[in-house]
Amino acid sequence: MLKVSDWKIWAYTDGSCQFQNGKQEIGAGVYCPLTDSTKFVEPNGAGITNTICRAELAAIAAAITHSYLHIASDILTSLYKIRELIYPEKHRQHIQGDVLKTVSTLISNSRPNICFYKVKPHAGIA
């Protein structure tokens, strides 16, 4: 297990998917322990894009938008999709292509570099 001394400056992202009144609802958030700040995110999914993957990616996009440089996610799939952004042809036809394009643009325009980390889910950080 990796122990990191500056873990409190990281942004922790999470997506959520629930069924309410027979309808799938998604949401997401970004939490930073140092400032104890929480940002709620509306993933804007509809139909087949209304998924937990979209919620997770929207949270990561929000963390980048709020200038976090160390971003932790508990969903490895989202981190793999971001890693694939260096190969645009891999996500051109992806169901969440619009969110991936947003993340790609945000990363490209970010200075300094952004670091992504996979963390254990439900670890009790927040």
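Y117 counts as partly exposed because its relative accessibility is 21%; here buried means under 20% relative accessible area, exposed over 50%, and partly exposed in between, with a 1.4 Å probe and protein chains only. This is a predicted model, in which local features need pLDDT of at least 70 and side-chain atom pairs count only at pLDDT 80 or more, while totals for chains, interfaces and linings use all residues. Residues are numbered from 1 along each chain as its sequence is written, and side-chain values use heavy atoms, leaving out hydrogens and water.

W10 has 6% relative accessibility, so W10 counts as buried. The structure holds 2 aromatic pairs, meaning rings of Phe, Tyr and Trp (its six-membered ring) with centres within 6.5 Å; planes under 30 degrees apart are stacked, over 60 edge-to-face, and the rest tilted. The ring centres of W10 and Y117 lie 3.9 Å apart with planes at 10°, so this pair is stacked. The pair links distant parts of the chain, 107 residues apart: W10 sits in the segment before strand 1 (11-20), and Y117 in strand 5 (residues 115-118). Ring pairs also bring in Y12, giving a cluster of W10, Y12 and Y117.

Next, follow the chain to helix 1. Helices are DSSP runs of H or I with at least four residues, strands are runs of E with at least two, and both are numbered from the N terminus. Of its 14 residues, 12 are buried, including R54, E56 and L57. Just after helix 1, S67 takes a positive phi of about 70°.
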